[in-house]
Amino acid sequence: MIYLKTLIKVIDNSGAEMVECIKVLRKNPMNCAHVGDKIVVVVQEAKPLSSQITGASASNRVKRGDICRAVVVRTKYPIQRDDGTVIRFDDNACVLINQKDEPIGTRVSSVVARELRKKNFAKVISLAPRVV
Amino acid sequence: MSSFAPLICKRAQSTVTNALSEIKSSKQLFSPSTIPFINSQPSVTFTSRESKRQRRRLLERPGLIGVKRGMTCYFDNQGRRLPATILEIIQNEVTFTRTVEKEGIYSIQIGSGYQKPQNVTKPMLGHFRNAKVSPKEFLKDFQVMKPENLLELGTELKADHFQIGQLVDVISVTKGKGMAGVMKRWNFSGGNATHGASLSHRSAGSTGQNTTPARVLPGKKMAGRLGNERNTIFNLEVLDLNAEKGYILVKGCVSGSKGSFVEIRDALKKYGKHLINEEK
Amino acid sequence: MGEKMIVYEPLPKLRNGKNLMQYIQEAQYEKFDKNGNKRKSISLSNPERIRADDIVTVVYKNQKPVTGQVLMVKRSGLNSTILLRNKITGLGVEMNIPIYHPNIIRLDVIRRPIKYKPRNRHYYIRNSRLDVGEIGANGKN
């Protein structure tokens, strides 16, 4: 249940910590985003830039006020699966992606939902420490 | 228009016969304009009962009458959990048939359930006696397409009338909700909760204009009785059935309370055909 | 009115007059729970039944087992479910699992509390000091 103005946690190492949803992509305006849906977000809180970070992750860092795309990886709203199992997480979280649907960061720090595989986000699944 | 048709036909016939009698040899030519009309049957009018039957989407078989017993879940072969409604098929027998010659339609009346004879009126007892079946609780007509589709009186229909995986329509009477306001009945949004609103939190608001038209237009959605009306749910999948035990499981939910009679027929939108298209 | 009306007998009763809902439920149990273990595990008459506050592992045929603390047991025939809560990498995850699903092999009770709390629905432990810890985080399961 993620829609305009929802604040979402970011669980990758792109530098963003908290983002705000400004658009749910490819959905009816009245609909909301669930796991696996793409959204457009504004970075509200970001980790400060430091010189210690080098390599690919340094070039992909985002700052406060940046607009980028993200994919929802877990929601507080319950997800019902085909086998009747209902799964619910304690928070809403997303991973920032680029225009080609590849994650910006190189690491995913926390658990993600299995529904992402169906929506062709296998890269996010492989980065995650645990898939539920 | 139709009242003129026989007159015109008569004149046409006479003109043709006169013209033919005057022909002396086969080589003689006559203008087509001397035959103003060709003798033909008057066409069936658009509003006649028979032409309406021709235009209607009809099925080739009758349906069944079931009793809604409740809901359960169903695990299919792909490991999915599906909601299912249990419909019991009891004492389904053909009680009467109608034909185009007499009643204007081909239809099969099917009875379901059982009633004690002392609770049934004598005319109805005679009706059941003619079909050689027990007194039924619920009767329903199913219109069929052709005279070949009619069944013999007293034929028993079981749950294996349908097949697993096919689509059916389920028709039943919804639960009555009594007198209901516009918010519940028509999904109006109601009035303000605050901002000085008084006695109009759930009201309908305006019902129309002022001097023109100076009345409420027909069909205006207002408060009134909700529910207790016939409702069709189209294209439900048959998940499971058992003729010996007498039940059908359909995917999803069905209108009405537990214990109410429901009509089950082949999905009209999928299996139904028009007689006009058939004859071509 | 003197002549008596002929009335025909109804068709024979199905299932020996047994209630259809009862028959279907028994048939479903026979199909999805042949040995009766799942029925026994949530039956109220069983003192060893699964209760809220137990820690349970659900073992599947085709996927990894799921472990968590039981928040509630919903008994509604074939659609009976248990609600498991766990913490994975510090994040609370809840799963409501239909226990009669054919892909579930068995339900193992890993640990029982010393004393049960006086409630059957433990929703109130969410995000409180009574909340569950990281169960099975050491790679035990």
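Two strands count as paired here if DSSP finds at least two bridges between them. Helices (H or I, at least four residues) and strands (E, at least two) are themselves DSSP runs, numbered from the N terminus. With those terms in hand, welcome to a predicted model, in which local features need pLDDT of at least 70, side-chain atom pairs count only at pLDDT 80 or more, and totals for chains, interfaces and linings use all residues. Residues are numbered from 1 along each chain as its sequence is written, while chains are lettered from A and ligands numbered from 1 in the order in which they are written.

**Confidence**
- The model scores ipTM 0.87 and pTM 0.84.

**Chain A as a whole**
- Chain A holds 2 helices and 7 strands, and along the sequence they follow the pattern β-β-β-α-β-β-β-β-α.
- The radius of gyration of chain A is 14 Å, close to the 14 Å that the globule rule gives for 132 residues, so chain A is as compact as a globular protein of that length. The radius is taken over C-alpha atoms, and the rule is 2.2 Å times the number of residues to the power 0.38.
- Along the principal axes, the C-alpha atoms of chain A fill a box of roughly 50 × 30 × 25 Å.
- Of the 132 residues in chain A, 36% are buried. A residue is buried if 20 or more other C-beta atoms, placed from the backbone, lie within 10 Å of its own, exposed if 12 or fewer, and partly exposed in between.
- Two residues are in contact if their C-beta atoms, placed from the backbone, lie within 7 Å. Among contacts in chain A between residues at least 6 apart in sequence, 54% join residues at least 24 apart.

- Strand 1 (residues 7-10) of chain A pairs with strand 2 (residues 16-24) of chain A in the antiparallel sense, over 3 bridges. Within strand 2 of chain A, Val19(A) is the bridge partner of Ile8(A).
- These two strands form a hairpin with 5 residues between them, and Gly15(A) in the turn has a positive phi of about 105 degrees.
- Strand 2 of chain A also runs antiparallel to strand 3 (residues 38-46) of chain A, joined by 7 bridges. Here Cys21(A) has Val41(A) in strand 3 of chain A as its bridge partner.

**Where the chains meet**
- Strand 6 (residues 86-89) of chain A and strand 4 (residues 91-98) of chain C run antiparallel, with 4 bridges joining them. Val86(A) stands opposite Asn96(C) in that strand of chain C.
- The contact takes 14 residues from chain A and 12 residues from chain C. The side of chain A that touches chain C has 6 nonpolar, 3 polar and 5 charged residues. In these classes, Ala, Val, Leu, Ile, Met, Phe, Trp, Tyr, Cys and Pro count as nonpolar, Asp, Glu, Lys and Arg as charged, and the others, Gly among them, as polar.
- Between chains C and B, 21 residues of chain C are in contact with 25 residues of chain B. Helix 1 (residues 20-32) of chain C gives the largest share of the chain C side, 5 residues. That side divides into 15 nonpolar, 4 polar and 2 charged residues.
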